[in-house]
Amino acid sequence: MISNTQGLKHNRKLISVNDVAIKEIIDIFGIADAGDFKVTSKKCFLNLFFENSTRTKLSFERAALNCGFDVLDFNVQSSSILKDETHINTIRTINSLGVDTLTIRAQKSGETSLLSSFVNRGTFVLNAGDGTNEHPSQGLLDLYTIIKQFDIDAKPMCLAGLKIGIMGDILHSRVARSNIFLLSKFGAEITLICPQSFLPLNFANYYNTNFGCKISHNLKSSLKNKLDVLMVLRIQKERVENKSIISFPISQFSVSDESQLNGAYVMHPGPINDGVEISNELAYKSRFSLISKQVEDGVKIRSAILKFLYS
Ligand code: NCD
């Protein structure tokens, strides 16, 4: 089992949801509830995204502004990366600019962690998603959305009894991984719903546990047996190396109408592919959809993380 480390403030890095202690998560959620994010000392923030993003990038930017930080704009397409500057040398340059908080989104699993070892000790590094590995701030915001929706007090094992299905491309999803680690730690009963080809085969071997996850290859029967929440994931084509694994009928792992949900709330980290894993109708018009709420909570939680780091 992955153990809790000494915590976020001690590590000065949020690479995995396991870098933040349970007590710290509860404190961060308290800050999000209170909604006062202003940090009195002047801080400088930069989003270093080597991969495309709408939600996460804008959400961190919005959060940094909420905290009163100066926000530097970095766009890979107009940067010296296109003149073959390496990612590590980009970090060396950022070190000399006096950045206090740096988010890094990387295409390769483990790259955020690697790059963080080149970052000045005084700078906090937040993983904004690295390959198929982790997306810790998404995990934290998803947990927050769930506890708010079910009016649960944030405390250890507070999700005991809650049934959460994670459906779709689990194999390539850093969101699934962070959620599996985090939601299981808080006691949720997790079912991974996907075709066999989208199941991370080495999961149990690698971590020496399957985090108590059940496996289902049948969405209909999982919903019939009742879920409180269904998290839907898109097929992350850009990360699928062997395209032949997408040969299953996608409609078997897709939701389009709230009548299919049997009372479950539906979540999705975005971006959604309308009519593939979920319909626009269900995502944006149904009272069972928490998708817009996730985006709102994302700003709150990221603001709270930044405030927490400097309080
Ligand atoms: C996800 C990501 O980038 O990992 N989106 C997000 O950050 N909100 C999920 C995805 O790309 O499918």
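User: Hi! Is methionine 167 buried or exposed?

Analyst: Hi there! Methionine 167 counts as buried because its relative accessibility is 0%, and buried here means under 20%. Keep in mind that this is a predicted model.

User: Thanks. Where does methionine 167 sit, and what is it in contact with?

Analyst: Methionine 167 is part of strand S6, which covers residues 163–167. Setting aside neighbours within four places in sequence, its contacts are Ile193, Leu219, Leu230, Met231, Val232, Leu233, Phe253, Ser254 and Glu277.

User: What about isoleucine 166, which residues does it touch?

Analyst: Not counting residues up to four places away in sequence, isoleucine 166 touches Ala176, Asn179, Ile180, Ile190, Thr191, Leu192, Ile193, Met231 and Leu233.

User: Let's zoom out. How many residues are in the largest nonpolar core, and which have the most contacts inside it?

Analyst: The largest nonpolar core holds 84 residues, and Leu159, Ile166 and Leu230 have the most contacts inside it. Helix H11, residues 291–309, gives the largest share of this core, with seven residues. There is also a second, separate core of 16 residues, which includes Ile15, Leu102, Ile104 and Leu115.

User: You mentioned H11. At what angle does it pack with H6?

Analyst: The angle between H6, residues 136–149, and H11 is about 115°, and their axes are 9 Å apart. The crossing of H6 past H11 is right-handed.

User: Which residues meet there?

Analyst: On the H6 side they are Ser137, Gln138, Leu140, Leu141, Asp142, Tyr144 and Thr145. On the H11 side you have Lys293, Gln294, Asp297, Gly298, Lys300, Ile301, Arg302 and Ile305. Sorted by class, the contact has five nonpolar, five polar and five charged residues.

User: Let's pick serine 137 from that list. Is it buried or exposed?

Analyst: Serine 137 is buried, because its relative accessible area is 1%. Apart from residues up to four places away in sequence, serine 137 touches Phe60, Arg302 and Ile305. The side chains of serine 137 and arginine 302 also form a polar contact of 3.1 Å.

User: Where is asparagine 47, and is it buried or exposed?

Analyst: Asparagine 47 belongs to strand S2, residues 44–49. It counts as buried because its relative accessibility is 2%. Beyond its neighbours within four places in sequence, asparagine 47 is in contact with Lys57, Phe60, Glu61, Leu72, Phe74 and Thr103.

User: Switching to loops: where is asparagine 218?

Analyst: Asparagine 218 is in the loop between strand S8 (214–216) and helix H9 (219–224). With 40% relative accessibility, asparagine 218 counts as partly exposed. A polar atom of its side chain lies 3.1 Å from the backbone nitrogen of serine 221.

User: Now some backbone checks. Which residues does a cis peptide bond join?

Analyst: A cis peptide bond joins glycine 270 and proline 271, with omega about -5°. Proline 271 is in the loop between strand S10 (265–267) and helix H10 (280–285).

User: And what is phi of arginine 12?

Analyst: Phi of arginine 12 is near 55°, a positive value in a residue other than glycine. Arginine 12 sits in the loop between helix H1 (8–11) and strand S1 (13–14), and it is partly exposed with a relative accessible area of 23%. Lysine 226 also has a positive phi, near 85°. Lysine 226 lies in the loop between H9 and strand S9 (229–232) and counts as partly exposed at 43% relative accessibility.

User: Why single those features out?

Analyst: Because most residues other than glycine have a negative phi, and most peptide bonds are trans.

Conventions. Residues numbered from 1 in each chain as written. Predicted model: local features only at pLDDT ≥ 70, side-chain atom pairs only at ≥ 80, totals over all residues. Heavy atoms only, no water. Core = buried A, V, L, I, M, F, W, Y, C linked by side-chain atoms within 4.5 Å. Buried < 20%, exposed > 50% of the residue type's maximum accessible area, 1.4 Å probe, protein only. Helix = DSSP H or I, 4+ residues; strand = E, 2+ residues; numbered from the N terminus. Contact = heavy atoms within 4.5 Å. Axes fitted to C-alpha atoms, helices over the stretch in contact; angles between N-to-C directions. Left-handed = near helix turned anticlockwise from the far one by under 90°. Nonpolar A, V, L, I, M, F, W, Y, C, P; charged D, E, K, R; others polar. Polar contact = N/O pair within 3.5 Å; in protein donor to acceptor, adjacent residues only side chain to side chain.
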